[in-house]
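This briefing presents one protein chain for a reader who is new to structural description. Please look over the sequence and the structure before turning to the notes below.

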Amino acid sequence: MMALLSSPPTPPSPPPPLFPISSPWSCRPSSFTVSMAAARRLPIAAICTQNHTLPPFTIDHSAVSVAEAFADDQLWAAACLRVRSFYDFHPTSYRVQDHKKYLAEREFEALKERIAGKREDFKRVSCINATVPLSQISNLSDDLCAACKFSYNGEDRVVVGTLDLNQCVRLPDEITGKKPEGIGADFLRAYLSNVCVAAELHRNGLGYAVVAKSKLVAQEWGITDLYVHVAFDNEPAKKLYIKSGFVYESDEPAWQARFLDRPRRILLWTGLPGVQL
């Protein structure tokens, strides 16, 4: 799938970090030739909640597949969905398509490294995707179908929801969970990050589906304590996590949010059946 996309020109310096809420690969601001209006980072935490005025679209839930992603084309499709969801691009901005491709390539490479265990302080990382057949949404959005498509067992499918499950003590620049205490936190604690659903398919239960699958995978890993960060004012995300069994544990100091130039976070926790010390 990568071969179908032309490589964008190399910028003088790297672009801003794609997902500041969970990115261990943060970098310097970019001088890439796209205006700030072309790629505005949305004030989101762990789930994308762009306010799109789109008519509701109901999918056939029997055709939805939610599973861990391992193949490169599935990871690439997930990276494209994240860029599409976590940035607000002005369609008439100069070279915006090149910038989207560059951001997707960076996220794709970083995601592969994390899954391969090459990121320090991360025990294990899994990308979990919700996908539907291309035929089911082919008339919904040309952009979504083109950017987030992959092939599996001879069928074209589209990634419409995604998240990362991270087994680690803490995420960079985020509030650290308190459970479990003492020895074992690096093996028994995990965090969700980069949760997003295609805006055209909101209100189809896809967010609940990927979170539910992540809890099953976490249990297989022996995780007992699962966390997620969310912005104070992100009501749709908070509703999703609370309905999925998460409860409030702590919140970010206001000074830290100001220092990092982002919306203030709260930390939500849920316990999972698993290995007990």
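The secondary structure of this predicted model amounts to 8 helices and 10 strands. The chain has 277 residues, and 52% of them count as buried. Among contacts in the chain with a separation of 6 or more, 76% are between residues 24 or more positions apart.

**Helix α2**

- Helix α2 covers residues 96-115, and its 20 residues should span 28 Å at 1.5 Å a residue.
- The end C-alpha atoms of α2 are 28 Å apart, in agreement with that expectation.
- The buried residues of α2 are V96, H99, Y102, L103, A104, E105, E107, F108, A110, L111 and R114.
- These buried residues pack against the helix α1 and against β3 (87-88), β4, β6 and β7.
- Just after α2 comes G117, which takes a positive phi of about 80°.

**Helix α6**

- Helix α6 runs over residues 206-220 and has 15 residues.
- From its first C-alpha to its last, α6 reaches 21 Å, close to the 21 Å expected at 1.5 Å a residue.
- An α-helix has 3.6 residues a turn, so residues three or four places apart point the same way.
- The buried residues of α6 are L206, G207, V210, V211, S214, K215, V217 and A218.
- The strands that these buried residues pack against are β2 (65-69), β4 (122-133), β6 (155-168), β7 (189-197) and β8 (225-231).
- The buried residues of α6 also pack against the helix α7 (235-243).
- After α6 comes G222, whose phi is positive, near 90°.

**Nonpolar cores**

- The largest nonpolar core has 58 residues, of which V160, L192 and Y241 touch the most other members.
- Helix α1 gives the most to this core, with 9 residues.
- A second, separate core has 8 residues, including V125, I175, Y227 and L267.

**Aromatic rings**

- The count of aromatic pairs comes to 3.
- One of them joins W76 and F108 in an edge-to-face arrangement, with 5.5 Å from centre to centre and 85° between the planes.
- This pair links distant parts of the chain, since W76 is in helix α1 (residues 72-86) and F108 is in helix α2, 32 residues apart.
- W76 has a relative accessible area of 1% and is therefore buried, the cut-off for a buried residue being under 20%.
- F108 is buried as well, with a relative accessible area of 3%.
- Another pair, Y241 and F246, is also edge-to-face, at 5.8 Å centre to centre with 70° between the planes.
- Both Y241 and F246 are buried.
- A charged residue meets a ring where K179 lies over the face of W269, at 4.5 Å from the ring centre.

**Helix α8**

- A254 is located in helix α8 (residues 254-260).
- The relative accessible area of A254 is 33%, so A254 counts as partly exposed.
- A254 and R264 are 10 residues apart along the chain, and their C-alpha atoms are separated by 6.4 Å.
- Q256 is also found in helix α8.
- With a relative accessible area of 17%, Q256 is buried.
- The side chain of Q256 makes a polar contact with the side chain of E252, at 3.1 Å.
- Setting aside residues up to four places away in sequence, Q256 touches D173 and R262.

**The loop between α3 and α4**

- S141 lies in the loop between α3 (134-137) and α4 (142-147).
- S141 has a relative accessible area of 9% and is therefore buried.
- The side chain of S141 makes a polar contact of 3.3 Å with the side chain of E200.
- Apart from its neighbours within four places in sequence, S141 is in contact with R84 and E200.

Notes: Residues numbered from 1 in each chain as written. Heavy atoms only, no water. Helix = DSSP H or I, 4+ residues; strand = E, 2+ residues; numbered from the N terminus. Expected span 1.5 Å × (residues − 1). Buried < 20%, exposed > 50% of the residue type's maximum accessible area, 1.4 Å probe, protein only. Contact = heavy atoms within 4.5 Å. Phe/Tyr/Trp six-rings, centres within 6.5 Å; stacked < 30°, edge-to-face > 60°. Lys NZ or Arg CZ within 6 Å of the ring centre and 35° of its normal. Core = buried A, V, L, I, M, F, W, Y, C linked by side-chain atoms within 4.5 Å. Polar contact = N/O pair within 3.5 Å; in protein donor to acceptor, adjacent residues only side chain to side chain.
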